[in-house]
Amino acid sequence: MRSRKLSKGEQGSLAWDPLGLMAGVDEAGRGPLAGPVVAAAVILDDGKRIRGLADSKQLTPLQRERLYDQIMDKALCCSVAEATVEEIDSLNIYHATMLAMKRAVEGLRLKPAKVLVDGNALPRIDVLAEAIVGGDAKVKSISAASILAKVHRDRLLATLHQEFPQYGFASHKGYSTPEHLEALRVHGACRHHRRFFAPVAATMTLAPGGGVTVTVL
């Protein structure tokens, strides 16, 4: 019998687990000043071991790329989803992250019996769920999700770099580095920047007609 305490995405812990598939969920890109926030959901296949799964932040880019391919090849099913810059600006980053996680879970080809989410908050989903602080280092399926989300987002920022090379997206992935802040000061913000994040808002104003002009600091 399902615990009422865990319905609709409430946080909690069970002394038992429901029978069925378990999905791990994690996100990448809450902190950057540009680009979408990305979430992934992964159901691993117990019969196909993937060596080296760990928190994506503890892995090198080459290790993440190698594991990404293995996860995509060996997992029972995977789903990667985004919340756009526009959604981040309208909802705020917390709710946009929850939305990306919800989309990732709902995008799974197989419906899990339970979802394990990295962190201390849960998206509103119709599946039994548990939040696990530090889960990306403790639970293999969450580690796998963290890797998929990170690699997907890094690849996306590399494509944004091709469109707007002046910002250096390929190197800092949208984070608030000195290089990025200087590029914002010089060039203003592009359409991929999160306009309501303070470092971006401080360097831009909206021109008539919705264009962007640089604020001279």
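Predicted model: local features only at pLDDT ≥ 70, side-chain atom pairs only at ≥ 80, totals over all residues.
I started with the largest pocket, which holds about 240 Å³ of space. My working terms: on a 1 Å grid over the protein atoms alone, a pocket is an open set of points where a 1.4 Å probe fits, with protein on both sides within 12 Å along at least five of seven lines, and lining residues have an atom within 4 Å of a point. Volume here is the space filled by probe spheres set on the points, with grid points joined across faces, edges and corners.

I then listed the lining: 16 residues, with Glu27, Ala28, Gly29, Lys57 and Tyr175 closest to the centre of the pocket. Strand 1 (22-28) and helix 4 (140-163) each give two or more residues, and helix 4 gives the most, four. By type I got 10 charged, four polar and two nonpolar; Asp, Glu, Lys and Arg count as charged, Ala, Val, Leu, Ile, Met, Phe, Trp, Tyr, Cys and Pro as nonpolar, and the others, Gly among them, as polar.

Residues are numbered from 1 along each chain as its sequence is written, and side-chain values use heavy atoms, without hydrogens or water.

Next, the fold. I find seven helices and seven strands, in the order β-β-α-β-α-α-β-β-α-α-α-α-β-β from the N terminus. These are DSSP runs (helices H or I, at least four residues; strands E, at least two).

Last, burial: 50% of the 217 residues are buried, meaning under 20% relative accessible area with a 1.4 Å probe, protein chains only.
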